[in-house]
Every structure is written in C-alpha cells, then in structure tokens.
Amino acid sequence: MGRVVSLPELRGLVAADRAGGRTIALANGCFDVVHVGHVRYLAGAAAEADRLVVAINDDRSVAALKGPGRPVLPAGERAELVAAFAVVDYVIVFPEPTVAELLGVLRPDVHCKGTDYTVETVPERAIVRGYGGRTAIVGDPKAHSTRDLIAAITRRPHPPGAAARQS
C-alpha cells in the first residue's frame, strides 16, 4: 500500500530510492471515480520501474479540466483511494494545471501515460526527454472513462424503495 506524501517528503523518498539503485516511474491523472481502466493504467505504470509515484490533480485543476460537477470526490479522498493499490508506492496531489513542474523536480526515469496518448502526443515529452528520461504508454485501450461511468450511474433506474433505504 502506498503513502500520500507532500512534495518535500516525496523528494526525500525518491532520493533515497535512487541512492538504493531503484528506478522511478510517474503516472498522473484525475482519478475522480476509479474504474478498471485506472487499475490497468497503474499496473502498467508500475511495471515500468521499481517505484511508482502517482500525481493526482487537485480539485481546482480537475474542475478546469473536466467541467461542472467535477471532481466527484475531493483530492484527499482520491489520493487515499489510489494509495490503497498495492502497485502504488507514493501519491502526491499537485496544484498546477499540468504535471510539467513535478516532472522537472522529480525527474522520474519514466513518465507513464495512458493509451489515449502516443509518445509523440504526450504534452510533457520534451521535458522528460530533456533530462534523459523516457515516456511510456501503458494500460489497456481507452475503453473506460469516468464520464461514461458517471453517465451510466445517473441513467440507471433505482429499484423500488431505493431512495427510502438511502436515508
């Protein structure tokens, strides 16, 4: 199980891991409503290095990226959920609109993105290449989305008496 950490703590942990000869992968995303696509993405990212850091967008950046009504869950809860995965070592919530600054600070060996990207379309690829890292595309085909999951949940009819049981 991973840990939710601050940036100063993460810098120290990554430095210690590197001193121990371990490689670092960084994956990032909103992780608003966790689904099987997230699980497969994180498993693929973890396979790329010895340690997996997951950077989670803060609430303001999720709202800007995803629109009204998002995030569904606050950043602290999203971070705790992601940290519960066995393949995740460290989780950090970041406030910037992109993960570029965090990549520059941590300089992970591998920056992992999902299959909705190609190496050529990852916005931060030049940063990663600039410090000698590599970009990896991991996970299953992009057949799952939080937006679709939320839509399916809100469309689904409630069984008789469901509202009464929720009170």
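Q: How many salt bridges does the structure hold?
A: This predicted model holds eight salt bridges.

Q: What makes the contact between R51 and D17 a salt bridge?
A: The N to O distance between the two side chains is 3.2 Å. The cut-off is within 4 Å, for a side-chain nitrogen of Lys or Arg and a carboxyl oxygen of Asp or Glu. The R51 and D17 pair is therefore a salt bridge.

Q: Why is the pair of R51 and D17 said to tie together parts that are apart in sequence?
A: R51 belongs to strand 3 (residues 51–57) and D17 to helix 1 (residues 7–19), so the parts they tie together are 34 residues apart in sequence.

Q: Which residues are linked with D17 in a network of salt bridges?
A: D17 is linked with R22 and R51 in such a network.

Q: Why is D17 called buried?
A: The relative accessibility of D17 is 5%. Buried means under 20%, so D17 counts as buried.

Q: Why is R51 called partly exposed?
A: R51 has 21% relative accessibility. Since buried requires under 20% and exposed over 50%, R51 counts as partly exposed.

Q: How do you know that R70 forms a salt bridge with D32?
A: The closest N and O atoms of R70 and D32 are 2.6 Å apart, and the criterion is within 4 Å. R70 lies in the loop between helix 3 (59–66) and helix 4 (75–83), while D32 lies in the loop between strand 2 (24–29) and helix 2 (36–46), so the pair ties together parts 38 residues apart in sequence.

Q: Are R70 and D32 buried or exposed, and why?
A: R70 has a relative accessibility of 13% and counts as buried. D32, at 1%, also counts as buried. Both conclusions follow because buried means under 20%.

Q: What makes R134 and E48 a salt bridge?
A: Their closest N and O atoms are 2.7 Å apart, and the limit is within 4 Å. R134 is in strand 6 (residues 134–137) and E48 is in the loop between helix 2 and strand 3, 86 residues apart.

Q: Why are R134 and E48 called partly exposed?
A: The relative accessible area is 40% for R134 and 27% for E48.

Q: Where is D116 found, and why does D116 count as partly exposed?
A: D116 is in the loop between strand 5 (110–113) and helix 6 (125–130). Its relative accessibility is 45%; exposed would need over 50% and buried under 20%, so D116 counts as partly exposed.

Notes: Residues numbered from 1 in each chain as written. Predicted model: local features only at pLDDT ≥ 70, side-chain atom pairs only at ≥ 80, totals over all residues. Heavy atoms only, no water. Helix = DSSP H or I, 4+ residues; strand = E, 2+ residues; numbered from the N terminus. Buried < 20%, exposed > 50% of the residue type's maximum accessible area, 1.4 Å probe, protein only.
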